[in-house]
Amino acid sequence: MPFKTLDDLPDDLTGKKVLVRVDLNVPMEGASVADDTRLRAMLPTVLDLSDRGAIVLLLSHFGRPKGQVRPDMSTAQLVMPMSKLTGRSVRFIEDCQGPEAQRALTTMLPGNIGILENTRFHDGEEKNDPALAKAIAALGDYYVNDAFSAAHRAHASTEGVAHLLQSFAGRAMEAELKALERALGNPERPVAAVVGGAKVSSKLGVLGHLISKVDHLIIGGGMANTFLAARGVDVGESLCEHELTGEANDIFDRADQAGCTIHLPYDVVVAKEFAANPPSVRTCNVHEVAADEMILDVGPAAVEALSDVLKNCRTLVWNGPLGAFETEPFDAATVALARTAAALTQDGSLVSVAGGGDTVAALNHAGVADDFSFVSTAGGAFLEWMEGRVLPGVAALQKQ
């Protein structure tokens with residue numbers, strides 16, 4: 001791999017201070033963590049380093065304090081949750097740089113774990129200020145980045161520090177980068193991509209990049225309506241960016257040139273109102289959508305055809321639902337195709353990589369998140385990777 005991992009660190013790290021960039025930016029309900037997925041993801045790295053005798057210093061942002069000290073955005077509130085998850089005492093350190101942090105380190109013993117204060121309490125974090133990066137780096141002997149979800153940001157704690165210390169990918173970062181390489185870097189072909197969501201405007205970069213990388217591009221969600229409209233289909237009252245039909249036609253043309261087949265639904269589930277199980281819901285051909293109806297899901301015939309596409313593929317990248325999956329019965333297409341992908345993955349015939357907030361929620365809704373090869377919880381970073389962008393936090397590790 002073009003980056004070092006924890007396996008490249010010394011086996012004995014007794015007393016060595018290791019700065020670990022993690023993502024503690026988890027949703028809260030009062031004083032409790034509402035979803036500890038990101039906390040659990042960092043455990044293999046944190047426990048590995050602690051077991052080797054390192055003094056583990058967790059470095060993270062939390063919320064958007066914009067350079068101001070905000071008690072409600074202090075990482076101190078993550079101390080107890082991390083203590084419970086690690087089964088070890090976790091200490092709070094009241095700054096992420098400077099004399100106060102240095103003094104705290106003098107009382108820490110090999111194997112101890114500490115959470116440094118919110119990096120974004122310093123204005124220089126988001127500006128990637130070299131002085132702040134140097135001050136943070138002064139706390140550690142090594143730097144480990146285990147926060148792929150923040151790797152698309154060139155900040156002091158994600159990119160700046162990586163150039164000042166020997167740097168390594170943590171276990172979660174390593175797993176993520178390996179999965180992404182299998183998905184688009186050097187995939188088994190044929191490759192399919194499912195791209196859904198509400199608006200084409202938010203995924204133009206993704207679509208433009210994928211048509212040169214995949215053999216089949218399955219477009220769903222509200223964005224499929226824009227592509228249908230570009231092909232002359234009257235989509236009624238459906239969510240549709242009519243002003244982007246020109247861009248949609250350009251993607252059609254570029255896909256043809258690249259040998260990528262774009263799949264759009266030819267039957268759809270429509271209703272006159274967006275509500276759970278409305279009386280007006282029906283399935284019809286895309287050319288039979290009434291002027292007062294809206295498309296809210298892909299139809300069963302199209303899902304069956306898409307399932308056949310996946311059965312002939314070896315790799316799948318998935319971002320975004322096929323329909324308004326949060327509301328029944330408009331979850332049917334997403335659930336059905338996700339379960340097909342999961343079954344193929346479990347059979348060993350498909351490598352499936354999925355990511356993005358709505359995607360994770362949709363796969364959990366379908367009950368198959370654990371059956372995909374890899375599911376990324378990184379939102380913005382996963383999307384930028386799908387656009388083919390360089391992620392600063394990853395690039396910094398690769399230059400070591």
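These legends go with a set of close-up views of one predicted model.

Residues are numbered from 1 along each chain as its sequence is written, and side-chain values use heavy atoms, with hydrogens and water left out.

**View 1. D48 and R171 are joined by a salt bridge.** The term salt bridge here stands for a side-chain nitrogen of Lys or Arg within 4 Å of a carboxyl oxygen of Asp or Glu. For D48 and R171, the closest N and O atoms are 3.1 Å apart. Helices (H or I, at least four residues) and strands (E, at least two) are DSSP runs, numbered from the N terminus. D48 is buried at 17% relative accessible area, and R171 is partly exposed at 23%. For those labels, buried means under 20% relative accessible area, exposed means over 50%, and partly exposed is in between (1.4 Å probe, protein chains only). The structure holds 20 salt bridges.

**View 2. D123 and K127 meet through their side chains in a salt bridge.** The N to O distance is 2.6 Å. D123 is partly exposed, with 42% relative accessibility, and K127 is exposed, with a relative accessible area of 60%.

**View 3. R282 and E293 form another salt bridge.** Here the closest N and O atoms are 2.8 Å apart. R282 sits in strand 13 (residues 282-285) and E293 in the loop between strand 13 and strand 14 (294-298), so the partners are 11 residues apart, which the DSSP runs place in distant parts of the chain.

View 4. A disulfide would need a pair of cysteine sulfur atoms within 2.5 Å, and the structure holds 0 of them. C313 is buried, with 3% relative accessibility. C96 is buried as well, at 0%.

**View 5. S352 is a buried serine in strand 16 (residues 351-355).** Its relative accessible area is 0%. What does the side chain of S352 make a polar contact with? The partner is the side chain of T345, at 2.7 Å. A polar contact is a pair of N or O atoms within 3.5 Å; within protein, one must be able to donate a hydrogen and the other to accept it, and residues adjacent in sequence count only if both atoms are side-chain atoms. Leaving out neighbours within four places in sequence, S352 is in contact (heavy atoms within 4.5 Å) with L316, T345, F372, S373 and F374.

**View 6. M82 is buried in helix 2 (residues 79-86).** Its relative accessibility is 0%. Not counting residues up to four places away in sequence, M82 touches L39, M42, L43, L58, V90 and I115. M82 and M42 are 40 residues apart along the chain, and their C-alpha atoms are separated by 10.0 Å.

**View 7. Six strands make an open sheet with parallel pairing, in the order 11-10-9-15-16-17.** Strand 11 (261-263) and strand 17 (374-376) are the edge strands, each pairing on one side only. Two strands pair if DSSP finds at least two bridges between them. From one strand to the next, the twist averages 15°. Strand 10 (residues 216-219) pairs with strand 11 in the parallel sense over 3 bridges, and H216 stands opposite T261 in strand 11. Helix 11 (residues 332-346) packs on the sheet, touching strand 9 (191-195), strand 15 (315-319) and strand 16, and its direction makes about 145° with that of strand 15. Axes are lines fitted to C-alpha atoms, for helices over the stretch in contact, and angles run from 0 to 180 degrees between N-to-C directions.

**View 8. Strand 12 (residues 267-271) and strand 14 pair in the antiparallel sense.** The pairing runs over 4 bridges, and A271 stands opposite M294 in strand 14. Strand 14 is largely enclosed by the rest of the structure because 5 of its 5 residues are buried.

Note on methods
This is a predicted model: local features need pLDDT of at least 70, side-chain atom pairs count only at pLDDT 80 or more; totals for chains, interfaces and linings use all residues.
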